[in-house]
Amino acid sequence: MGEGSALHLVLTGDPGLYAIVGLSLEVSLSAVLFAALIGVPFGAMLALTRFPGREVVIVALNAMMGLPPVVVGLAIFLLLSRSGPLGAWGLLFTPQAMIIAQTVLVTPIIAALTRQTIEDLWVEYHDELAAMSVGAATRIVTLVWDARFSLVTALLAGWGRAAAEVGAIIIVGGNIDGFTRTMTTAIALETSKGDLPLAIGLGVVLISIVILINALAWGARRAGERYAG
Amino acid sequence: MSMRGPLSDLPVMLEEVGIIAGEVTILNGISLTIAPGAPTVLIGPNGSGKTTLLRAAMGLIPVTRGRITWGGQEASPPDRRAILFQRPVMLRRSAAGNIGYALAAAGVPRADRSARTAELIVMVGLQGLARRPARRLSGGEQQRVAIARALITRPSVLLADEPTGDLDEQNAWAVFGLLERLHRTHCLTSLIATHNAALAERCDRVVGLEHGILQTRSVKSVAGCTPGGESS
């Protein structure tokens, strides 16, 4: 195990590596949080309301699940660059810019999966809630609450997208050492430098974290289902 | 807790009610009065229009012809009537959570819900199962949860759509017996749709429905009820 290997860095508690891992989690989890705050209510509303053009919105939303990260990165770059409309905010090449880019990527995933989940549950609940004359706001809260375990999967899908993504954050974050460098951007950099062992090691660390978080979420989901049915 | 609310919702009157879906006449010229008293059984084969009649009476689907009135009015507060579906859907929460949900939906403050929920749990015989996830209960237990959920807002009329349809014989009789007991002890007026002739035999008022048309009516001695009591 060389001094530069990822395993060595992990075992010796290398602060640089832990900063990279920490920033990766901070950016991806923040993006999922913001995307959930936007995507879950939007998806639920889309599931329960009928309006002209609704199906066009659904198709567009589904299509946006496949947004190319580099295109999103470019769009956010143009918005946040000094000459862009939001250039005055000074966010380009900051973790905040990376969170914004990943929020844009993740929101359609969470919204689309929420819409499908809530719509399926609504088919099941419709008669009972209609018989109880449940109002629109209570209906949304009820369905989101009762679908909470299924929505965990939507959040995990969104987080998976954020955690694995490199194209958008490298454009808007710049991969600045100690400031905007994440695991995925570091892997891209080390690979381009030819330091494959370190890149592979970082990849193993990234995959381990993804598996661990998914396992924790799955465990929480199973426990919750056992309790609530 | 008395299940008997103000009698303003009664009688429920269906006057020449017709429901047509596309080219199909589901109900045709239905005139029926559900007055306070013993359960009325609506008996008919599958596809005869029983479910549609109950849903229309509940206000879940509009009528094509005729009208339905509740205590002489065409609209009544929604919590004055309740419906029990053949396959009640259990919300993803405990049995008590399901029962209390109806109160929450009706805007009853949280502090007032638990005592009433506990009362209904005892009434339908679900002691010991209240905290269990409702979806993990047996069919008969789920039907009891649904009955409690339907009754917790103190409706004056209960519309029950094949409440024993998916249950084995023992559970079917138990649920039917519960509805009969609720009539005796709480003066609950109910309209029970079934295709089970044996169950209908036990009831005083029986109405037949076939191909969307009322066929027969029979009224035996009508059993009374005693609010808060056990027998008439």
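Contact here means heavy atoms within 4.5 Å. All views show a predicted model.

**View 1. Surroundings of Arg221(A).** Leaving aside residues up to four places away in sequence, Arg221(A) touches Phe149(A), Ser150(A) and Thr153(A). With Thr153(A) there is also a polar contact between the two side chains, at 2.6 Å.

**View 2. Arg221(A) in its helix.** Arg221(A) lies in helix H10 of chain A, which covers residues 196-228. Arg221(A) counts as buried because its relative accessibility is 16% and the class takes in values under 20%. Val210(A) stands eleven residues from Arg221(A) along the chain, and 16 Å separates their C-alpha atoms.

**View 3. Interface of chain B and chain A.** The contact involves 20 residues of chain B and 23 residues of chain A. About 1800 Å² is buried between the two chains, and carbon and sulfur atoms give 54% of this area.

View 4. A salt bridge joins Arg93(B) to Asp146(A), with 2.3 Å between the closest N and O atoms.

**View 5. The side of chain B that touches chain A.** Two helices of chain B, H1 (50-58) and H2 (95-105), each supply at least two residues of this side. H2(B) gives the largest share, three residues. By residue class, the side of chain B that touches chain A consists of 13 nonpolar, six charged and one polar.

Conventions. Residues numbered from 1 in each chain as written. Chains lettered and ligands numbered in written order. Predicted model: local features only at pLDDT ≥ 70, side-chain atom pairs only at ≥ 80, totals over all residues. Heavy atoms only, no water. Buried area = accessible area lost by both parts, 1.4 Å probe. Salt bridge = Lys/Arg side-chain N within 4 Å of Asp/Glu carboxyl O. Helix = DSSP H or I, 4+ residues; strand = E, 2+ residues; numbered from the N terminus. Nonpolar A, V, L, I, M, F, W, Y, C, P; charged D, E, K, R; others polar. Buried < 20%, exposed > 50% of the residue type's maximum accessible area, 1.4 Å probe, protein only. Polar contact = N/O pair within 3.5 Å; in protein donor to acceptor, adjacent residues only side chain to side chain.
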